[in-house]
Amino acid sequence: MPPPPSLDRRSADADTAAIAADMLGAAARSGTPCAPVRDLIGADDVAAAYAVQELLTAGRIAAGAQVVGRKIGLTSPAVQRQLGVDQPDFGVLFDDMHYGQDTPVPLSRLLQPKVEAEVAFVLAQDLVDGSLDDEQVRSAVGYAVAALEIVDSRIAGWDITFGDTVADNASSGLFVLGSERRTLDTFDPVSVRMRMAIDGVHVSAGTGAACLGDPLHALAWLARTTREFGRPLRAGQIVLSGALGPMAPIQGPATVTADITGLGSVTANFVQE
């Protein structure tokens with residue numbers, strides 16, 4: 001007797017998620033972008049897309065990577081317009097994605113990188129229980145720093161829908177944190193202004209309000225959403241709260257610097273080995 005249709009559907013969903021994860025994993029390993037995965041999982045099937053992300057995350061952890069935080073994507077209206085989406089997403093930050101300002105970023109680790117400037121929060125408390133309202137989330141922040149997120153896509157030509165980018169770990173690549181740590185009683189994230197330059201040429205500008213209206217609103221959204229997924233935020237984790245302005249492509253060796261009022265500057269040096 002054949003299994004009930006619902007079991008057939010679950011099996012098919014698992015099979016397509018595994019195929020999509022294999023495609024994205026192979027692209028990351030080979031350095032050759034793959035075709036979009038939306039024909040397998042759907043362009044806007046949130047559950048299917050995060051199922052693929054979970055498979056990739058499990059694979060990274062099994063290979064020895066450690067989760068150090070999360071990134072929030074698609075928070076800026078400018079970035080949403082660039083990618084043709086209308087809601088935020090999140091991805092996982094691993095320990096080997098973090099580069100210090102004094103450590104050159106090898107372009108060989110990236111396929112088709114772009115860079116954006118953000119406010120990064122480092123948590124002093126777990127965000128597991130309670131209402132996870134703005135007040136609770138704010139009190140959980142240990143400090144904030146300026147950050148550069150190097151976004152990347154394993155999908156050829158950045159031809160992505162919401163489902164594609166979520167499955168691809170929210171198009172995560174690498175990140176660099178600034179050295180100036182500020183507590184939230186010394187500056188207001190929503191009021192920051194950002195300017196970013198590549199080799200001294202201005203390429204992007206924005207404000208804290210561009211990040212879901214306030215980077216702390218983005219953090220609260222993430223806290224509630226990751227808890228719903230059974231992966232709540234924990235003390236010590238880093239959260240990249242989302243772009244403050246449009247991202248800019250990295251097309252070769254370059255130095256990127258972002259200045260964020262109240263948080264100082266952060267620099268990434270991209271090199272070709």
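Is Phe90 buried or exposed, and at what relative accessibility? At 5% relative accessibility, Phe90 counts as buried, where buried means under 20% relative accessible area, exposed means over 50%, and partly exposed lies in between, with a 1.4 Å probe and protein chains only.

Before I go on, please keep in mind that this is a predicted model, in which local features need pLDDT of at least 70 and side-chain atom pairs count only at pLDDT 80 or more, while totals for chains, interfaces and linings use all residues. Residues are numbered from 1 along each chain as its sequence is written, and side-chain values use heavy atoms, with hydrogens and water left out.

Let me turn to the aromatic rings. A search of the whole structure finds three aromatic pairs, a pair being rings of Phe, Tyr and Trp (for Trp, its six-membered ring) whose centres lie within 6.5 Å, counted as stacked with planes under 30 degrees apart, as edge-to-face over 60, and as tilted for the rest. The rings of Tyr50 and Phe90 have centres 4.6 Å apart and planes at 20°, so this pair is stacked. It links distant parts of the chain, since Tyr50 lies in helix α3 (residues 46-62) and Phe90 in strand β2 (residues 89-94), 40 residues apart; helices (H or I, at least four residues) and strands (E, at least two) are DSSP runs, numbered from the N terminus. Tyr50, at 6% relative accessibility, also counts as buried.

Phe90 forms an edge-to-face pair with Phe229 as well, at 5.5 Å centre to centre and with 80° between the planes. Here too distant parts of the chain are linked, with Phe229 in the loop between α7 (215-228) and β10 (238-243), 139 residues from Phe90. Phe229 is partly exposed, with a relative accessible area of 34%.

Finally, Val266 has its place in strand β13 (residues 264-271) and counts as buried at 0% relative accessibility. Leaving aside neighbours within four places in sequence, Val266 is in contact (heavy atoms within 4.5 Å) with residues including Gln101, Leu148, Val176 and Thr257.
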